[in-house]
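Dear colleague,

Please find below the sequence and the structure that I am handing over to you. My findings follow directly after them.

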Amino acid sequence: MPPSTQPVKRKRGEGQWKLGHREPLNPNERTKKDDDGLNVRARIENIYAKRGFDSIDPADLRGRMRWWGLYTQRKPGIDGGRTAALEPEELDDRYFMLRVRIDGGALTTEQLRAVGEISRDHARDTADVTDRQNIQYHWIEIESMPAIWAKLEGLGLLTTEACGDTPRVILGSPVAGISAAEKVDPTWAIDTILDRYIGSPEFSNLPRKFKTAISWQQDVAHEVNDVSFIGVEHPEHGPGFDVWVGGGLSTNPKIAQRLGTWVPLEDIPDVWAGIISIFRDYGYRRLRHRARIKFLIADWGAAEFRRVLEEEYLGRPLADGPAPAIPEVPIDHVGVHKQTDGRNYVGVAPASGRVSGTTLIELADAAEAAGSGRVRLTAQQKIVVLDVADEHVEALVARLNTLGLQAEPSPWRRATMACTGIEYCKLAIVETKERAIRLVDDLEKRLADVHPDVPISIHLNGCPNSCARTQVADIGLKGQIVTDAEGNQVEGFQVHLGGGLGLDAGFGRKLRGLKVTSAELGEYVDRLVRRFVEQRTDGERFAQWVLRAEEADLR
């Protein structure tokens, strides 16, 4: 056939609204077109809470209820090997996971006590601190939701858009406003975005979730968020914020790209609105697995994204700006540190973020007894008590230690995180939370004689979705079913090594066939850490060693 008569091959549309592709192109888009997820609140309060679980419409149950922080949890007794083989209704329990969004991780002790009381009264005393600064409950009954909302919202807390295709909780520094390292406190920007846009139909139908981080310090995993504003000093304009866009993990991880712009504090809400509007209008809606902003950034590049932001959404150019300096070590705020006012903040490490309502109530009591009225959650599943006078520090640390909240934790407890895992999550394949707790206990005994002077992070995830950021851990453990030495199918982990953020920003090394059973995990980490300590050069970080190590030494 001559070239002139060949049919023109047209590229299939990606479901971008701005280009006229408004047809619902996957089941999620159809559900959202039928009804905004925000509208399900009225049905929960007026119908489902009164008539019970069986009255819930399936499209609300597995879709729109997420707009109010609710997911059904995993039915007990279903092993990980069956996770992908069962239909959603076969995995659903009659109880819910509920997320309380805590933007910037900021809580008063009164709010913290209420969060604990809800856990005790409605969630079988479950409460986890997530790496998104949320509190996550389990065993919630739909009948309890009106009372839970009344208590939370009466104290200024929300579950609005804690899940769903929405702007999720905004990460912020747990020491914003009190840290000597901070030039500008960005709390105003977080609060302004929350007040203007959260719960608004303007951004309640995004292609998928949208994660934001705003901090002067690099303590919010900014490299793997959809958008981040990170503090930087401009040589001409002074202190402001550097903008990063398009980070994310899961099965197709991407490190965010800098737009190369400098934004003053007062412009953050408008720039944020412009960026999320681009995602809403140009984001890919045809294929669910390509519906995150990271794919748009990968296709367009940072320069084109910035051009569209400036010309189509802001109507003005943004100032060019420098990149922020990278800290030499990760910032987790664990320990006792001075505030700018001379008082102290005390950062403590619950085991893999697992606490309880009872613990949170006692934490509120302990903080108030030490003269504090403020507590913050961190993006590393830690807790920080603010405003503690010198004379109260020792007693507070001792009391918190009795609650399992250590201000001087072992390096293994300090740097270990875990997702929810098979205990409650319908996507999980293996147990993670309790496994992480047992692993830390094991390593504290095995490695009592080993004292690395650099942190070695260990992150456990129950599936490939990387809620615990496995790809950016020194030792990342992705749950899967593996074969043990006797040929049995058992819970285990695929191992990723040498990932990191900051100086080592990247996704590490995945060795072919390197899988470890859950039972062998302590022995493997023990062996690996000892080899690192033996072989490392002066000042060498774990991620650097992994890049040069012989494959045999990593197994």
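In this predicted model, Arg41 and Glu45 form a salt bridge through their side chains, with an N to O distance of 3.1 Å. Both residues belong to helix H2 (residues 40-51), where they stand 4 residues apart, about one turn of the helix. Arg41 counts as buried because its relative accessibility is 14%, under the 20% cut-off. Glu45 is partly exposed, at a relative accessible area of 28%.

A second salt bridge joins the side chains of Asp387 and Arg343, at 3.6 Å from N to O. Asp387 is in strand S16 and Arg343 is in the loop between S12 and S13, so this pair ties together parts that are 44 residues apart in sequence. Asp387 is buried at 7% relative accessibility, while Arg343 is partly exposed at 33%.

Asp93 is located in strand S2 (residues 92-100). Leaving aside residues up to four places away in sequence, Asp93 touches Phe53, Thr72, Gln73, Arg74, Lys75, Pro76 and Trp139.

Strand S12 (residues 335-338) and S13 run antiparallel and are joined by 4 bridges, with Gly335 opposite Gly347 of S13. The hairpin of these two strands has 5 residues between them, and Gly342 takes a positive phi near 95 degrees there. S13 also pairs with strand S16 (residues 383-388), again in the antiparallel sense and over 4 bridges; Val348 has Ile383 in S16 as its bridge partner.

Strand S13 (residues 344-348) is mostly covered, with 5 of its 5 residues buried. In a regular strand, side chains alternate between the two faces of the sheet. In S13 both faces are covered: Asn344, Val346 and Val348 are buried on one side, and Tyr345 and Gly347 on the other.

Another part of the chain forms an open sheet of 6 strands with mixed pairing, in the order S6-S7-S8-S9-S10-S11. Its edge strands, S6 (167-172) and S11 (319-320), each pair on one side only. Within this sheet, S9 (residues 238-245) and S10 (residues 257-263) run antiparallel with 4 bridges between them, and Trp244 stands opposite Arg258 in S10. Helix H7 (residues 187-197) lies across S6 and strand S7 (210-215), at about 165 degrees to S6. Helix H10 (residues 302-314) lies across S9, S10 and S11, at about 40 degrees to S10.

Finally, some figures for the protein chain as a whole. The secondary structure comprises 16 helices and 21 strands. The C-alpha trace spans about 75 × 65 × 60 Å along its principal axes. Buried residues account for 60% of the 555 residues.

With kind regards

Note on methods
Residues numbered from 1 in each chain as written. Predicted model: local features only at pLDDT ≥ 70, side-chain atom pairs only at ≥ 80, totals over all residues. Heavy atoms only, no water. Contact = heavy atoms within 4.5 Å. Pairing = 2+ DSSP bridges. Axes fitted to C-alpha atoms, helices over the stretch in contact; angles between N-to-C directions. Buried < 20%, exposed > 50% of the residue type's maximum accessible area, 1.4 Å probe, protein only. Salt bridge = Lys/Arg side-chain N within 4 Å of Asp/Glu carboxyl O.
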